[in-house]
Amino acid sequence: MKHPSAAPSLTRRSLVLAGLGAAVLPLAARANAYPSRPITLVVPFPAGGSVDLIGRIYAEALGKALGTTVIIENRDGAGGAIGSQRVARAKPDGYTLVASSQSSHLANPLMRTDLGYDPIKDFTSISQLSRTPNVLVTNIDVPAKTLAEFVALLKARPDELHYATAGIGSMGQLNAELFKNTLQVQAMHVPYRGGAPLINALLSNQAQFALDNLAPFLPHIQVGKMRALAVAAPKRLDALPDVPTFAELGYPVLNAMSWIGLAAPAGTPDDIVQTLLGAVRTAASQNGMPQALEKAGALPPENQTPQQFTTMMTERLALYKDLIDRAGIRPE
């Protein structure tokens, strides 16, 4: 004989289990939400350099915006290639990112064929983190006080003046070659092994000029040991109010700034990319960030979408590849 209460009891039990299941599903979904664990930001350069400084400025702010910890991992070597290759081969889940730069994602790929990564195909570029003004700077004894006077000097003394860079194929060389091509002037390249020897060469007049990131030159400009003739920046810089921009002087192609960005492995899901993009924008707009970037010799990032960032990179790769081919620049 069936008891009338059996069916209702089973029904109640089913409802209880169904309710528990409904409660568990959202918890599982939340547990799998991105990010649910710390994120590693690979800096493919040594600690203390410009890319490292920008990465560390952003790490805490990004962590707060994302609700997790962002851990800096310095994986330097081969001009940024070792750390960048690590990220290119990482799982595309948003937990291994790279602080990209023109050195690792522009100069290196154009100058070397053994990197093991493609700067466009093997990464999802998310956003700029900062922009860095470039400066055309001369030894103080160079007899030219304006860009026009300097160009006239170069044309009057072709290949007599020397420009210093941090190495063959460095962005300093590519910037200077673009300058020479645009102004139709000649000068001799003197590569040094890094930024410190470059600075010393300019101070001692072993080399007469350079066109590279402003930050290492600024203290010497401000105390009158070097002369700035033009800057690549959207407007005149507060630190150098009397120095015009290249665009202001009629050379917009020379007005492009260097950048440091954030990239993930290719194939990273779009929802994760958008989450990271939102975090960068939140971090970049927080109180104190512009001042922190300025202290590191940088400006806030341009408000680009990932697609616009990738397009900018693609255009610059094409521009500098053409320049390298025409100038016959070859790696050491």
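At a relative accessibility of 6%, Phe 123 counts as buried (under 20% relative accessible area; exposed is over 50%, partly exposed lies in between; 1.4 Å probe, protein chains only). Tyr 117 also counts as buried, because its relative accessibility is 7%. The model is a predicted one, in which local features need pLDDT of at least 70 and side-chain atom pairs count only at pLDDT 80 or more, while totals for chains, interfaces and linings use all residues. Residues are numbered from 1 along each chain as its sequence is written, and side-chain values use heavy atoms, without hydrogens or water.

The structure holds seven aromatic pairs (Phe, Tyr or six-membered Trp rings with centres within 6.5 Å; planes under 30 degrees apart are stacked, over 60 edge-to-face, the rest tilted). Between Tyr 117 and Phe 123, the ring centres are 5.7 Å apart and the planes stand at 90°, so this pair is edge-to-face. Trp 259 and Phe 309 also form an edge-to-face pair, with 5.2 Å from centre to centre and 85° between the planes. Here distant parts of the chain are linked: Trp 259 belongs to strand β10 and Phe 309 to helix α11 (residues 306-327), 50 residues apart (helices, H or I of at least four residues, and strands, E of at least two, are DSSP runs numbered from the N terminus). Both Trp 259 and Phe 309 are buried. Elsewhere, ring pairs join Phe 150, Tyr 163, Phe 179 and Phe 209 into a cluster.

Strand β10 leads on to the sheet. Five strands form an open sheet in the order β2-β1-β3-β10-β4, and their pairing is mixed (two strands pair if DSSP finds at least two bridges between them). At the edges lie β2 (70-74) and β4 (123-132), each of which pairs on one side only. From one strand to the next, the twist averages 25° (angles run from 0 to 180 degrees between N-to-C directions of axes fitted to C-alpha atoms, for helices over the stretch in contact). Helix α3 (residues 81-88) packs on this sheet and touches β1 (39-43), β2, β3 (96-101), β4 and β10 (contact means heavy atoms within 4.5 Å). The direction of α3 makes about 140° with that of β3. Helix α9 (residues 270-284) lies across β3, β4 and β10, and runs at about 10° to β4. Strands β4 and β10 (residues 258-265) are antiparallel, with eight bridges between them. Within this pairing, Thr 132 has Ser 258 of β10 as its bridge partner.

Strand β6 (residues 162-165) brings back Tyr 163, one of the clustered rings. This strand pairs in the parallel sense with β7 (residues 188-191) over four bridges, and the bridge partner of Tyr 163 in β7 is His 189.

The loops hold some backbone details worth a look. In the loop between α6 and β7 is Gln 184, whose phi is positive, about 55°, although this residue is not a glycine. Gln 184 is exposed, with a relative accessible area of 58%. Ala 78, in the loop between β2 and α3, is likewise a residue other than glycine with a positive phi, near 55°. With 35% relative accessibility, Ala 78 counts as partly exposed. Finally, Tyr 34 and Pro 35 are joined by a cis peptide bond with omega about -5°, and Pro 35 has its place in the loop between α1 (6-31) and β1.
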